[in-house]
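I open this notebook with the pockets.

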Amino acid sequence: PVTDINGELHFTERGLEGRKIRGATLGAPVTVDIATEDGRVAVQANGSASIAALRQHYTTPLLEHLAGSAPWSGVIRVKKRGAEVRVESSLLGISSSLPEPFNKTAGDVMPLVFELKGLPEPPAPKGVGAVPTPDERRDQIEVSLGSTVRAQLQRRHGDSATAVERGLIAI
């Protein structure tokens with residue numbers, strides 16, 4: 001959740017724009033710029049994430065091994081039904097008591113990158129007896145943690161469920 005939002009958002013016939021909109025999320029300040037570019041709405045955000053605040057919103061055992069806070073930046077680009085998301089952090093300021101190779105001190109840099117992007121639709125079937133595919137979206141999630149971990153998942157979203165089509169995790 002974003003609270004204490006303060007700024008101006010301007011609408012025109014060509015799009016919208018907002019610069020240096022300020023707010024707070026997960027107990028820390030966030031600054032957001034919004035603009036329409038190439039027919040997409042682009043949201044750029046910068047802030048800080050606190051492990052203590054994350055623990056209040058998410059219950060995962062992983063957070064019990066982390067402490068501190070770190071700056072992050074992100075971009076969301078939205079067009080029609082699709083969105084692309086990229087969030088990055090150096091994790092500078094976060095310490096980890098997880099075993100090797102995931103442990104680190106607060107002074108260590110271990111770049112974290114999360115990306116979500118749509119994938120092109122598969123070609124429609126052709127020929128006699130071909131059955132059209134239902135209205136499905138496909139996307140890909142990529143996560144990397146320095147040179148330690150890289151993961152990639154390709155998903156298909158149907159009317160009632162999301163299925164992982166393929167995935168890769170490299171440690």
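**Largest pocket.** I started with what lines the largest pocket: 28 nonpolar, 6 polar and 2 charged residues. In this count Ala, Val, Leu, Ile, Met, Phe, Trp, Tyr, Cys and Pro are nonpolar, Asp, Glu, Lys and Arg are charged, and the others, Gly among them, are polar. The model is predicted: local features need pLDDT of at least 70 and side-chain atom pairs pLDDT 80 or more, while totals for chains, interfaces and linings use all residues. Numbering runs from 1 along each chain as its sequence is written, and side-chain values use heavy atoms, with hydrogens and water left out.

I took a pocket as an open set of points on a 1 Å grid over the protein atoms alone, where a 1.4 Å probe fits, with protein on both sides within 12 Å along at least five of seven lines; a lining residue has an atom within 4 Å of a point. The volume is the space filled by probe spheres set on the points, which are joined across faces, edges and corners. For the largest pocket I noted about 1100 Å³. Its lining has 36 residues, and Leu 54, Leu 62, Leu 66, Leu 91 and Leu 112 lie nearest the centre. Strand E6 gives the largest share of this lining, 4 residues. Helices (H or I, at least four residues) and strands (E, at least two) are DSSP runs numbered from the N terminus.

**Second largest pocket.** The volume here is about 300 Å³. Of the 16 lining residues, Arg 81, Gly 82, Ala 83, Gly 118 and Leu 119 are the closest to the centre. I found at least two lining residues from each of E6, E7, E9 and E10. The lining divides into 4 nonpolar, 2 polar and 10 charged residues.

**Strand pairing.** I counted two strands as paired if DSSP finds at least two bridges between them. What does strand E3 (residues 15-25) pair with, and in which sense? It pairs with strand E4 (residues 28-37), antiparallel, over 7 bridges. Gly 23 has Val 30 as its bridge partner, and Thr 25 has Ala 28. The two strands form a hairpin with 2 residues between them, and Leu 26 in the turn has a positive phi of about 50°.

E4 also pairs antiparallel with strand E5 (residues 40-50), over 8 bridges. Val 32 stands opposite Ala 45 there. This hairpin too has 2 residues between its strands, with Asp 38 in the turn at a positive phi of about 55°.

Strand E1 (residues 2-6) pairs antiparallel with E3 over 3 bridges, and Val 2 is partnered by Thr 25. Strand E2 (residues 10-12) is joined to E3 by 3 bridges, also antiparallel. Phe 11 stands opposite Leu 16.

**Cores.** A nonpolar core is a set of buried Ala, Val, Leu, Ile, Met, Phe, Trp, Tyr and Cys residues joined through side-chain atoms within 4.5 Å. Buried means under 20% relative accessible area, exposed over 50%, and partly exposed in between (1.4 Å probe, protein chains only). The largest core has 13 residues; Ile 51, Leu 54, Leu 63, Leu 66, Ile 94 and Leu 145 have the most contacts inside it. Helix H1 (51-57) and strand E6 (66-79) each give two or more residues. H1 gives the largest share, 3 residues. A second, separate core of 5 residues includes Ile 21, Val 30, Val 32 and Ala 45.
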